[in-house]
Amino acid sequence: MTATHSDLRHDWTTPEALAIHELPLFELVDRARAVHRARHPDGKVQLCTLLSVKTGGCSEDCAYCPQSSHHATGQKAERMLDLPDVLDAAARAKDAGATRFCMGAAWREVKDGPAFDRVVDMVKGVKSMGLEACVTLGMLDEGQAARLKEAGLDAYNHNLDTSREAYKSIISTRTYDERLATLRNVRKAGITVCSGGIIGMGETISDRVAMLVELARLTPHPESVPVNALVRVPGTPLAELPPVHGVELVRMVATARIMMPASRVRLSAGRAELSEEAQLLCLYAGANSIFYGDKLLTTPNPGANEDAALLARAGLTAEPPRA
Ligand code: SAM
Ligand code: DTB
Ligand code: SF4
């Protein structure tokens, strides 16, 4: 299969995506690999480091999230980090080889005021260090998106998380359409869109591919698509669900790669419970980005040394810093 610009389609349907997702595994991986090689011939892996700049105490009831105040996870509401601490962490991430620094806040939405002003300063500071800057702050209006753009923000993460159908059983405090409205505001401001979801929350395979269809119907496609496996945090309503099998992640990554050929597909939360072989198969099947650093937002991630060793063993190289 030759991938050309005409392979960027926005008219995907769920049955069509399901047929791809359900192909025999090697057939699926072969197809995804062909798209991947045509579109991303350098084969480099983007390393993104996460930092939670405002942890816990969130008013939303997202069933998967350890930071929701609706669940007794033992995660305390902390005060927002100060600018110098964030910049220190960004410098450490850069030294360790990350090219993107992603800052998260446990907010339902951005509110104008001192906290948002501080985030704007964080973005400016991170950019001045030569790193790409990404934030994930909840819902955002057009004016706030424009301010972030002006500060130099490269990407805004806002996940659809699951299908429109399944969304209602995972979150009751906001709607799918609100999620899509924020993505429109981000796009309109000229910031690149990072949006993906989580598998392993009790959804059907149809829900998984329906989420990919929602993402692939966005025009343009999100530049980054994080594929997370649920991190089952004690105290959340989803804590007792069975773990995601590595092959399920491979299928999701490969299907995302085929549907959104030009996007970065990020193998995101859940790697700490995944074998190295399964991670490598995800990277082979189209993932070209990972979260890099000992911690995601509040839960553990493989250590930077472990990831460096994983890439080295496979002869994979990290994306170099931008000149
Ligand atoms: N509060 C903002 C929001 O919800 O958009 C930003 C931070 S929120 C923690 C960012 C994303 O992290 C969620 O959309 C979800 O996809 C992911 N996430 C949160 N908890 C997770 C978990 N236990 N396992 C996997 N992904 C998780
Ligand atoms: C994304 O898709 N996954 C990241 C990032 N975007 C913000 C967050 C994962 C969080 C996992 C649970 C935690 O560490 O709190
Ligand atoms: Fe709050 Fe975001 Fe967690 Fe939902 S996912 S509870 S909005 S921090």
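How much space lies in the largest pocket? About 370 Å³ of space lies there, in a model that is predicted.

**The largest pocket**

- The lining of the largest pocket is made up of 21 residues, and those nearest its centre are T49, L50, L51, A89 and K295.
- Strand 1 (46–54) and helix 3 (83–96) are the elements that contribute two or more residues to this lining.
- Sorted by class, the lining residues of the largest pocket comprise 11 nonpolar, six polar and four charged ones.

**The second largest pocket**

- In the second largest pocket there is about 240 Å³ of space, and its lining consists of 17 residues, with R33, H36, G43, L283 and L316 lying nearest the centre.
- At least two residues of this lining come from helix 2 (25–39), and at least two from helix 10 (276–284).
- The lining of the second largest pocket divides by class into eight nonpolar, five polar and four charged residues.

**Ligand 2 and its surroundings**

- The residues that surround ligand 2 are L50, P66, T136, N157, N159, P226, N228, F291, L296, L297, T298 and T299, and by class this shell holds six nonpolar and six polar residues but no charged ones.
- L50, which belongs to the shell of ligand 2, is also among the residues nearest the centre of the largest pocket.
- From L297, by contrast, it is a polar backbone atom that lies 3.0 Å from an oxygen atom of ligand 2.
- Ligand 2 would expose 400 Å² if taken alone, and the protein buries 88% of that area.

- Around ligand 3 are the residues C58, E60, C62, Y64, C65, S68, A106, W107 and R174.
- The shell of ligand 3 has, by class, six nonpolar residues, one polar residue and two charged residues, whereas the shell around ligand 2 has no charged residues.

Methods:
Residues are numbered from 1 along each chain as its sequence is written. Chains are lettered from A and ligands numbered from 1 in the order in which they are written. This is a predicted model: local features need pLDDT of at least 70, side-chain atom pairs count only at pLDDT 80 or more; totals for chains, interfaces and linings use all residues. Side-chain values use heavy atoms; hydrogens and water are left out. A residue is near a molecule or strand if one of its heavy atoms lies within 4 Å of it. A polar contact is a pair of N or O atoms within 3.5 Å; within protein, one must be able to donate a hydrogen and the other to accept it, and residues adjacent in sequence count only if both atoms are side-chain atoms. Accessible areas come from the Shrake-Rupley method with a 1.4 Å probe; for residues, only the protein chains shown count as cover. Ala, Val, Leu, Ile, Met, Phe, Trp, Tyr, Cys and Pro count as nonpolar, Asp, Glu, Lys and Arg as charged, and the others, Gly among them, as polar. On a 1 Å grid over the protein atoms alone, a cavity is a set of points where a 1.4 Å probe fits but cannot get out, and a pocket is an open set with protein on both sides within 12 Å along at least five of seven lines; lining residues have an atom within 4 Å of a point. Grid points are joined across faces, edges and corners, and a volume is the space filled by probe spheres set on the points. Helices (H or I, at least four residues) and strands (E, at least two) are DSSP runs, numbered from the N terminus.
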